Amino acid sequence: MPRFLHTADWQIGKPYHWIEDPQKRARLQQERINAVSRIASTASEHNLDAVLVAGDLFDSSTVAPGIVMEVMEAIASISCPVLVIPGNHDHGGAGGIWQRRDVQRQMRERCPNLQLLLQKEPQVMAGMVLLPCPLLRQRDSRSPADWLESLNWSALPHDQPRVVLAHGSVQGFGADAQVNQLHLDRWPEEEVDYIALGDWHALTQLNPRAWYSGTPEPDRFPTSSHDQRSQALLVDVHRQRTPEVTPMATGAMSWHRIDAKLNSGADLQGLKKTIASSVGRKVGKDLVRIELSGQLSFQEHQQLQQHLQDLDQQLLHLRIRGMPKRRPEPGEFQRFLQRDDAPLIRGITTELAAELDDNSATAPGAEHNATDRAMLEQALLELQRIVLEEAEDQEASCG
């Protein structure tokens, strides 16, 4: 009864260009390499026969030589054979990373336990019959698993479980519908005991025998509560029996997606609690995307901005989509309108407030009006900032 770890889509060397801070970007890149060490720990703890990598171990053919050396050293720490097929990011053909001389030399010198499977033929190893379906080019209109459709299944050992290792999609998308396509229904169901898939980055079970493991370290924000990443799959496989599959956590970074409509101070406090429950006091370990809408008073809006600034320092990455509108409460208007000592501020406030009341995003020319409204809100916000700073300066001088 072989036991192995099914993993895929490490994509070592992923650039993360959208992370502006170079130190944070480097930390995120390094964590993908660190995930290999966590896989090694899992392999040792569970006494595995093999680790299967279903494609895209590397992100591209241009990964730096130093990163290649570090990855090979990490793979060497895995206490069992590491059986790898190329995927679309690290295809096995001409121009691919596996054809680079430095990569081949590092494989020989640093990690003899890594076996790159480039041939589409049955291979008996680690107590099972492995049926590799490597990608030899980045985009192929032919299925990488088409050779299984003409395989003589009766010629395979009868007492060892059969495991397909493939990289590609079982569902077409747009113009790429026929690229790297896999057709699981074309293989005799009773002849295959487990199908280890790579390419989809979220954990996906297609049927009791076919799984996408997802990425060991997440690389994007979740699209729903069912979008599960940060794992590999521990698989106990038997001949002609349903495999036992257990997800094993491997990720260190946490990616969160939060939607919030803010129309009051209570809503703002609710958002802070939601963020705190997701991130806690961790620093540099989380990436958060927040979708904001609604309408807040000037004071509440400033509190939101301050909280987001602090959060940006704490997180590895903060992405904001949308922002609540700024609308002063009556008391905030009166604070400006009652400034007898500052007739200019009082006059500007009166004029801006009147224009804001006249401007409606729902009136004809909504797009133009929305732009005008944003400018008016910003002007009022700046006016409030000036008044508050003046009050603070006066208080400091009196103290």
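Eight helices and 16 strands make up the secondary structure of the protein chain. The model is predicted. Of the 399 residues in the chain, 49% are buried.

**Overall fold**
- Take the contacts between residues at least 6 apart in sequence: 71% of them join residues at least 24 apart.
- The chain has an accessible surface of about 19100 Å². Carbon and sulfur atoms account for 47% of that surface.

**Ile19**
- Ile19 sits in the loop between β1 (3-7) and α1 (22-45).
- Its relative accessible area is 2%, under the 20% cut-off, so Ile19 counts as buried.
- Beyond its neighbours within four places in sequence, Ile19 contacts Lys24, Arg25, Leu28, Leu287 and His317.
- His317 is 298 residues from Ile19 in sequence. In space, the two are 7.0 Å apart, C-alpha to C-alpha.

**Helices α4 and α5**
- Two packed helices are described by the angle between their axes and the distance between those axes.
- Helix α4 covers residues 265-279, and helix α5 covers residues 298-314.
- Their axes lie 10 Å apart, at an angle of about 10°.
- That angle is under 35 degrees, so α4 and α5 are roughly parallel to each other.
- The α4 side of the contact consists of Gly265, Leu268, Leu271, Lys272, Ile275 and Val279. These meet Glu300, Gln303, Leu304, His307, Leu311 and Gln314 in α5.
- By class, this contact of α4 with α5 has six nonpolar, four polar and two charged residues.

Technical notes
Residues are numbered from 1 along each chain as its sequence is written. This is a predicted model: local features need pLDDT of at least 70, side-chain atom pairs count only at pLDDT 80 or more; totals for chains, interfaces and linings use all residues. Side-chain values use heavy atoms; hydrogens and water are left out. Helices (H or I, at least four residues) and strands (E, at least two) are DSSP runs, numbered from the N terminus. Buried means under 20% relative accessible area, exposed over 50%, partly exposed in between (1.4 Å probe, protein chains only). Contact means heavy atoms within 4.5 Å. Accessible areas come from the Shrake-Rupley method with a 1.4 Å probe; for residues, only the protein chains shown count as cover. Axes are lines fitted to C-alpha atoms, for helices over the stretch in contact, and angles run from 0 to 180 degrees between N-to-C directions. Angles under 35 degrees count as roughly parallel, over 145 as roughly antiparallel, 65 to 115 as roughly perpendicular and the rest as oblique. Ala, Val, Leu, Ile, Met, Phe, Trp, Tyr, Cys and Pro count as nonpolar, Asp, Glu, Lys and Arg as charged, and the others, Gly among them, as polar.
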